[in-house]
Every structure is written in C-alpha cells, then in structure tokens.
Amino acid sequence: MRFFPQTIRWRIQLWHTLLLVVIIAALLAAFYQNQREISYQALDRELNSPITRLLPRMERRREPPPRTRRVPRPDPLDDEFGPGPGRGPGPLRGPGIEDGPSERRQEDRGEERGPTLDEVVEDLAEDDIFVIQWDRDGELRFASGNAPEDLTPIPEEVPRGGERLTKRTVDGYREVIHASPGGGFVLVGTSIKPFEDNLESLAVRLVGTGVLIVGGGFLVGWLLIGRSLKPIREISDTAHRISDGDLSDRIQIREDRSELGTLSAVLNETFEKLETSFEHQVRFTADASHEMRTPIAVILAKSQFALKRERSSGKYQEALQTCMDSAQHMRTLTDGLLELSKVDSGEFNLRKEEGDLEDLTREVVRMIEPLADEKQLTISCELSPARMKFDSQKMRQALLNLLSNAVKYNREEGEIGVKLTSVDGRVLLSIRDTGPGISEEALPHVFERFYRVDKARTRGGRSGTGLGLAITKAIIEAHGGRIEVKSEVGVGSVFELRFGERN
Ligand code: ADP
C-alpha cells in the first residue's frame, strides 16, 4: 500500500522531513542531556558546599548516644511533597542534634563563633537539604529532621579511608557522601523531584520546539521543492501542448544558468528544429504538388484537345511535343525532389576522391558550350590547378547547375567568366554572368527550394524548377564548402564557391 503519491515532490519532501526529524531529535536530545548534566552538577555543588560548614561543627560535637527512633523514608515522588512528619526543617532528631558541650564551652568562654550546627542544618533544611552523619563504626550519629524516614545505611560503595567524596542517586534522592577526617561519614542530600520536574518541563518544551521546527521545515521544504520543480512542470506542460499540435509553443526560461534552464534551452532548440522541419515538410509537400499540378494540367489539356476530334498531323505533333516537354519537366522535378529528400534523410553520401577541380570545371564548360553558342555567349576561363577531395559526379552536377543558370539567365551575346584559384589548400571558384542580375529582396531566397525570381516566366515551361540552386548548395556544403551570390541588377551575378576554409 502506498501512503504517498509517487511524485518527485513527495519523495524529496519525505526524505527531507525524515532527515530534519533525525537531526532535530539528535540535537534536542544532546541539548537535554547537557542541561541535565549541568543541573546535576549545580545540585552536587549545592550539596557539597555546606560540608565545610558542617564538618568542623560535627567534629566539635560530643560523641552522641545512639538514635532511638527511625523515621520512615517518605516517598520522594509523592505529589504532596512538602514538610511532613520526619521531614522539613523541624526539630533535629536524636540526642546528637543538641549543641555539644564543647560548643557550649566555647559560648561560655565568649569565643567568636559563626552559626551553630543547628542553625546551619536549619538553613539547609529550608532549601530541602538534609544531613546525616555516621561515626567510624557505622553507627548513626546525627540526622536532620527532614532526613528521609528510612535512613540510608552507610553506603556500601563508600570506600573507607579511600575516596573522600561519593555522589549517588538513590530512591529519588541525590546524596553527596563525605568521609570526615575523624573517621565516619557525612551525607548531604535532597529530593530530586523538583529537578526532575524542571527537566520534565524542559523536555516538554524541547519536544514542542522540535515539532515546531519540523513543521516549519516541512512547510519551507514544501514551498522550496515546489518552486524548484516548477520548471519541470512547465517543461512537461509545454511538451504536452506541443504534442497536441501547438508547435510554436516554447518553455519560458527564467533561470537560464540553472540545470533546468539549460535543459529548457536545449528543449526549446529541439522544438524549434522540429517546428522548422515540420514547416519545411509541409511547405515542401505543398510546393511539390503545386509544381506537379501545372505540367499535369498541360498534359491533360493538350491530350484532351488532341482527342476531341480529328486533327491534322501537325497539330498532333505539336500536342505530343507539349506533352513530352511537360513530362520532361516533371522528370527533372522528381529527380530534384529525390535528390533533396536524400539530403533531408541524411542519405546524401559522397564518394570523395582526390582530384583536380580544374579538370572538372573545364569538362563542365565544354558541356555547356553548345548552349552558350545558341545565345552567342562568350565564355572566358581563368583556371589554375586546384587539388582537393570531391565527389566528381555530384560536383559536376553542381557546376552544371551554376553554368546552365549563367547561360539561361544571361542576355544574348553576353559573357560568362569562370575563375578558379587555389592558395594554401583554399579553393575559390567563381562563375560570373552578364544577365539581368537578382534584386536585393530576392537574393537571400535564391537557394531556397522552389524559389524562382520570375515565376510567371518559367512556370509550366521547360526551364526552371527552382530546385537547382538548393541542390547545388547541399552538394557544396556536403563537401565542407560554402556558396555565396553577389548580384547587381542590370549588370549580372557572381556565384562564388569556397572550399578548404577553416570554420
Ligand atoms: P531554376 O530551375 O528556376 O533555375 P534555380 O534554383 O537554379 O532554379 O534558381 C532559382 C532562381 O534563382 C531562378 O529561378 C532565377 O530566378 C534565379 N537565378 C539563378 N541563377 C541566376 C543567375 N545566374 N542570374 C539571375 N538569376 C538567377
């Protein structure tokens, strides 16, 4: 059976409270023990101090006759504790209590003297302290009136002639026993009930204090743990909302230096990437289907037109040509999509081999020359050897994209400049054209998928898919390089590829 919910909060709370209880109990117990010892030491000092006044007076006392009556020892823990028969300051019992002749002789001689033994004993009795004396033979010589009725016999444990002082607690009395110089023993004692009562009330107060401290600690702990766990609750709430479809939600980071702050930041980054990739996916699918729609519509319209009624062979040929162009466009599109899906899924593996980029560039320029000739373009090459590791097939595709764009988006009789340099392993390849250029607003988007500056001009036609530069960028980056474009409207554009740069 589980008494507490299995939450982290309760678990921490439970351990924290348990620890607090153990520490507080140990501290209070130690404090109580210490107080008890201090009280008993003070009591012992109180019982010990009158001995200097008692011993000389007892020594002067004449040998007393034996005691006649024994007073029963009262119950020290009796609530009715107070002066009763045989207790209290009342008259001293036994003949020994009378002032001895030596004392009387002193008085007769008019010698200076302090209080008599009776007065000292009476003083002590007012403080509930009793006095008992035995002679060297163990015979009771003296007992104050408040001494317990059941007089304590000479304690066994008092070594005669050995230790001069013994302390003990017997039947609710604290007793200090002194060996007197003339043999025999003097016992000074008192009831410990008032002390025990005091200690008991101290214990009650300490327990109350302990309960208060533990209660306070529980409350403070509950609040602190709640506060520390709040970010975790926020994280899980946000994760729930995101899994329910609100991809734009983010965790509020308050303490970005704490462990949970770092975790929240990492999770927020992950959510950001998830959202971006989700948006990409949605846009990509929408764009792809949108791009497909036009050529499919063209094929459908042309074939319907051709089939509606008998046509001349020229018309059939024209319809078939249009269908073929559209199919060709769709194939380019699907090839591009396939290529990009490989980039996205991480299957875009390169087969890099050591080679010279100069050779590859010359080869691609040669491939593009027939197209350039159609537009009467001049291609000028300024190439130097550039050895590096690259996947020749992919790199060829990238260079073909860039050069075919330089042809496609160039003016009649324009120019194309290709320059390749290599310094200390850093390779720079630039492809310059004299086309219309790209506007400043369009420039940051040209590497985006399906982006075309002039959509109307290319849509449905055989020309652009808007995927060429996106694929080129993916290829260059997979080689550890980067691609940049600079352009001036009406002057032309330059695409620069850089490889082998640190960072
Ligand atoms: P497309 O298949 O349309 O050529 P790209 O990804 O190769 O797709 O190019 C994206 C767009 O960038 C093009 O539609 C074109 O508008 C613009 N562009 C690319 N290269 C050039 C260039 N050399 N000069 C001017 N515009 C260019």
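Two parts of a protein are in contact when heavy atoms lie within 4.5 Å. Keep that in mind as we tour this predicted model, where local features need pLDDT of at least 70, side-chain atom pairs count only at pLDDT 80 or more, and totals for chains, interfaces and linings use all residues. Residues are numbered from 1 along each chain as its sequence is written, and side-chain values use heavy atoms, leaving out hydrogens and water.

**The sheet and its helix**
- Helix α2 (residues 51-60) lies across β1, β2, β4 (173-179) and β5; helices (H or I, at least four residues) and strands (E, at least two) are DSSP runs, numbered from the N terminus.
- The angle of α2 to β5 is about 140 degrees, taken between N-to-C directions on a scale from 0 to 180 degrees, with axes fitted to C-alpha atoms, for helices over the stretch in contact.
- Five strands make an open antiparallel sheet, ordered β2-β1-β5-β4-β3; strands pair if DSSP finds at least two bridges between them.
- β2 (140-143) and β3 (165-170) are the edge strands with a single partner each, so one side of each has no neighbour in the sheet.
- From one strand to the next, the twist averages 20 degrees.
- Strands β1 (residues 129-134) and β5 (residues 185-191) are joined by six bridges, and I132 stands opposite L187 in β5.

**The ligand**
- Around the ligand are 17 residues, the closest being N405, Y409, D433, T465 and L469; a residue is near if one of its heavy atoms lies within 4 Å.
- A ligand oxygen atom is 2.8 Å from an N or O atom in the side chain of N405.

Terms used
Polar contact = N/O pair within 3.5 Å; in protein donor to acceptor, adjacent residues only side chain to side chain.
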